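My entries follow the order in which I looked things up.

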Amino acid sequence: MQAYDQGRRRVASYGHNGWSLCTKYHDGSVSMSGFPQKLSTLYPCVGAPILTCVHKGIPDIFMDCHMMVAQPEKWVNDIADAGGSLYCFHIEATMDPLSLIKAIHDRKMKAGVAISPDTPSTAITDEVGKEADMLLVMTVYPGTSWRSKFLERCVPKVAELRARFPEKDIEVDGGVGPKTIDVCADAGSNVIVAGTAIFSASNPEEVIQGLKNTVSAALAKRAAK
């Protein structure tokens, strides 16, 4: 893993709160800000104006855009024009993931590929995984993270992907916090999404540091083998 991957984190920013949350936590404690786009059937794209505003105010921010959308091919240019840094689409939503990854790379963004809880990790073929920059395992159903419990049955998918792609960024999203971070990190996730666990905490900075420490320790343990 590259050095900047050690304990890398993402803050999920929602709607009109995105600006204040990004400003509050863009201080070195987190290194990516996430903008989930939830549209009908997975769920048109409403997030580009928010990204544009945040990018203007914080030009160096890394904006990880998790596109929980139908027809993800339609929104690549909008997100790129708004300053998106990583465009993560669901494998279930496209018939041609390799062409979509190329389109994302052509717009100078990193490409992520996500799978929902009921999708096996093998849906990400070796060819697709090789071309992608990041792989995302959802541990709640898309759009329900604030009211759903962490689905531990999804964790073995992280381990399977880590075995096939030992140098790839592998992200976990949904219900991740102090009580669930260990199984994610031990399975091989080096990018962790946390929203509610941080924003509802009495001491968010302490939670962030604890999550980072756990991921860093798991990475160091794996590297020592």
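Below are my notes, grouped by topic.

**Ground rules**

The model is predicted, so I note that local features need pLDDT of at least 70, side-chain atom pairs count only at pLDDT 80 or more, and totals for chains, interfaces and linings use all residues. Residues are numbered from 1 along each chain as its sequence is written, and side-chain values use heavy atoms, with hydrogens and water left out.

**Helix 4**

I started with helix 4, residues 97–106. Helices here are DSSP runs of H or I with at least four residues, strands are runs of E with at least two, and both are numbered from the N terminus. Which residues of helix 4 are buried? I found Pro-97, Leu-100, Ile-101 and Ile-104. Buried means under 20% relative accessible area, exposed means over 50%, and partly exposed is in between (1.4 Å probe, protein chains only).

I then looked down the axis of helix 4. The buried residues fall within an arc of 100°, so they line one face of the helix. The arc is taken from the directions from the helix axis to the C-beta atoms. As background, an α-helix has 3.6 residues a turn, so residues three or four places apart point the same way.

What do these buried residues pack against? I listed helix 3 (76–81), strand 5 (86–90), strand 6 (110–115) and helix 5 (126–131). Contact means heavy atoms within 4.5 Å. After helix 4 comes Lys-108, and its phi is positive, near 65°.

**Salt bridges**

How many salt bridges does the structure hold? I count five. The rule asks for a side-chain nitrogen of Lys or Arg within 4 Å of a carboxyl oxygen of Asp or Glu.

I took Arg-107 and Asp-81 to begin with. Their side chains meet in a salt bridge at 2.7 Å, N to O. Arg-107 lies in the loop between helix 4 and strand 6, and Asp-81 in helix 3, so the pair ties together parts that are 26 residues apart in sequence. Arg-107 is partly exposed at 30% relative accessibility. Asp-81 is exposed, at 57%.

Next I checked Asp-106 and Lys-102. Their side chains form a salt bridge at 3.0 Å, N to O. Both residues sit in helix 4, four residues apart, about one turn of the helix. Asp-106 is partly exposed at 46%, and Lys-102 is exposed at 51%.

Then came Asp-118 and Arg-153, whose side chains meet at 3.4 Å, N to O, in a salt bridge. This pair links distant parts of the chain, 35 residues apart. Asp-118 is in the loop between strand 6 and helix 5, while Arg-153 is in the loop between strand 7 (134–138) and helix 6. I have Asp-118 as exposed at 56% and Arg-153 as partly exposed at 47%.

I also noted a network of salt bridges that links Asp-126, Glu-160 and Arg-164.

**Arg-162**

Arg-162 is in helix 6, residues 155–164. It is buried yet has no salt bridge. Where is the nearest side chain of opposite charge? That is Asp-169, 6.1 Å away. For charge, Lys and Arg count as positive and Asp and Glu as negative; His and the chain ends are not counted. I did find that the side chain of Arg-162 reaches the backbone oxygen of Phe-165 at 3.0 Å. A polar contact is a pair of N or O atoms within 3.5 Å; within protein, one must be able to donate a hydrogen and the other to accept it, and residues adjacent in sequence count only if both atoms are side-chain atoms.

**Cysteines**

I searched for disulfides, pairs of cysteine sulfur atoms within 2.5 Å. The count is zero. For Cys-88, the nearest cysteine sulfur is that of Cys-65, 9.8 Å away. Cys-88 is buried at 0% relative accessibility. For Cys-154, the nearest is that of Cys-184, 9.8 Å away. Cys-154 is buried as well, at 0%.

**Thr-94**

My last entry is Thr-94, in the loop between strand 5 and helix 4. Thr-94 is buried, with a relative accessible area of 9%. Not counting residues up to four places away in sequence, Thr-94 touches Pro-72, Glu-73, Phe-89 and Leu-100. Ala-70 is 24 residues from Thr-94 in sequence and 7.9 Å away in space, C-alpha to C-alpha.
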